[in-house]
Amino acid sequence: MTIVALPRVMSGASGRPLTLREHEVTFGIATLGAALAGELEASGLMGRGGAGFATSKKVDLLRHQRGHHKVVVVNAMEGEPVGHKDRTLLSSNPHLVLDGAQYAANLIGARRVEVCVSRKDSAIVNHVQRALHERERRGTGPEFILHTPPWRYVAGEESALVHWLNDNETMPQYRPQRPNVLHVGRSPALVVNAETCAHVGLINRFGALWFRELGTPSSPGSTLVSVTGAVHRPTVLEVALGTPLRSILRAAGADPEPLALLTGGYGGAWLSGEHLDAAYCNEALGPLGAGVGAGILVVVPKGACGLAETHRVVKWMANESSRQCGPCAFGLPALAEDLRTLLHDARDPHGVLVRLKERCAVIEGRGACRHPDGVVRLVESALRVFAGHIDEHVHGFPCAALTTTRRWVTVPALEHESDLVWE
Amino acid sequence: MNRKPDHFVLRVDPILCDGFGHCHELAPELVQVDEWGYPIIHEELTPTSEVALLKSARLAVRGCPRQALRIERTNGPA
């Protein structure tokens, strides 16, 4: 049995997780086995966690590591507050994700799979736990272990996740050589995003040719997108990569003529509402300064203030820094402060704008992880996309959006406003 | 065919670094500091034949109280 069109990874979604038996009825039983390595490479599957690194390369790197004690780490942390794709996937098709992890484990020769779900999502933890029990009763496959690290933005970064598995600390680690192999204990670890696992599960059943039926030649397949902001209701959609943004927005019931879209997540970039005809894939969005990232679209309607939205995101991101590296611990609060000054009480707005640009250039690339780079990308894209509106702020025109309390990008409340580290 | 490494890069571990700023004082031609006192190092390959630069890089490495600096020796670009 083959799944012909969309949905693929979301097939059989019924509002509750599929049991193992239902899962096998929906997707069939895997057939490829050892041929999976070649098929993965032919499929051109890109990781869906945000970085978009080719999964086959990652797998090959691990296959050529020595040792019998390798592990697969399934990353379902979903650090992005506006992303819901991994949670949605695990609450409807948990076994597909676990299947993919199991195949990857067989491929690299791992005997253990560590599934990491944030402890904030207790419902998802329960779903995964139930699915793992079902598999345990079957008594086949590698050993699955469920981990529930605390939720924070950087905890989903792969080195931070491995750090948690080793030392119970959700802090990113410094890795000068990339790509490098992370280790859980002394075992080389393959860290894969949950959605990527689901795609691996499908490729193992239906093959690379089937996978490439959807999508574009350089970004094949389908992907999950979380659409929030000015939408009828926040949704997670499964779309083919390369779908025009306009039809994604229509399918999500979003504002058809928005001011801008936040693409990729909080460490992503703004995309002007003029570019709605662009295809949703990295090769089309890249030249526009945006990207698919972690599969996130936030729709910001006309009349909103892009600067205000950016400021709220940057302020939260600055507070989420793990404060290990100086440029991130001091630089991001400085960026947030500059944005606030531009918004509210600019004495010397031109000077602030120049300083903001300089600081962006100084901060980029100087952290141990990509957290500061993501924020810099967001700020720089805001300066580009909202240039006209920022000009109005600089010249002291009143901004109508500041008089309303309606905000579009969901930012989690800081627990205590006074907890802001730099104040 | 392995050549002997004839270039070096000065690198900082940003997690270890606490912004003492000694490296900037010891090797100002290689290390600038930002407004918060953390080093900005342009990680570009420098030929080992530039003895003065290598010497000050060594000074910076030895002078770092957090031992966050390192000299990596690599082959040149071509």
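Trainee: Leaving aside its neighbours within four places in sequence, which residues is A:Val74 in contact with?

Mentor: The model is predicted, so local features need pLDDT of at least 70 and side-chain atom pairs pLDDT 80 or more, while totals for chains, interfaces and linings use all residues. Residues are numbered from 1 along each chain as its sequence is written, and chains are lettered from A and ligands numbered from 1 in the order written.

Beyond its neighbours within four places in sequence, A:Val74 is in contact (C-beta atoms, placed from the backbone, within 7 Å) with eight residues: A:Val97, A:Ala101, A:Val113, A:Val115, A:Cys116, A:Val192, A:Ala194 and A:Cys197. A:Val74 is also among the residues that touch the most other members of the largest nonpolar core, which holds 125 residues. Such a core is a set of buried Ala, Val, Leu, Ile, Met, Phe, Trp, Tyr and Cys residues joined through C-beta atoms within 7 Å; buried means 20 or more other C-beta atoms within 10 Å, exposed 12 or fewer, and partly exposed in between. The others named with A:Val74 for touching the most members are A:Val72, A:Val73, A:Ala104, A:Leu190 and A:Val314. A second, separate core has 14 residues, including B:Val12, B:Cys17, B:Leu30 and B:Leu69.

A:Glu78 has a positive phi of about 50 degrees, although it is not a glycine. Most residues other than glycine have a negative phi. A:Glu78 counts as buried because 28 C-beta neighbours lie inside 10 Å.

A:Asp60 stands 34 residues from A:Thr26 along the chain, and their C-alpha atoms are separated by 30 Å. Another helix residue of chain A is A:Arg250, placed in helix H9 (residues 245-252). A:Arg250 counts as exposed, because 12 C-beta neighbours lie inside 10 Å. A:Val231 is 19 residues away from A:Arg250 along the chain, with 9.5 Å between their C-alpha atoms.

The view may now widen to the whole of chain A. Chain A has 15 helices and ten strands, and its C-alpha trace spans about 70 × 45 × 35 Å along the principal axes. Of its 423 residues, 52% are buried. Of the contacts in chain A that link residues at least 6 apart in sequence, 72% join residues at least 24 apart.

Chain B comprises two helices and five strands, in the order β-α-β-β-β-α-β from the N terminus on. Its C-alpha trace spans about 45 × 25 × 20 Å along the principal axes, and 23% of its 78 residues count as buried. For contacts in chain B between residues at least 6 apart in sequence, the share that joins residues at least 24 apart is 71%. B:Gln67, in the loop between helix H2 (51-63) and strand E5 (69-74) of chain B, also has a positive phi, near 50 degrees, without being a glycine. B:Gln67 is exposed, because 11 other C-beta atoms lie within 10 Å.

Finally, the two chains meet: eleven residues of chain A are in contact with ten residues of chain B. On the side of chain A, helix H12 (residues 326-343) gives the most, with three residues. That side of chain A comprises seven nonpolar residues, three polar and one charged.

Definitions and conventions
Helix = DSSP H or I, 4+ residues; strand = E, 2+ residues; numbered from the N terminus. Nonpolar A, V, L, I, M, F, W, Y, C, P; charged D, E, K, R; others polar.
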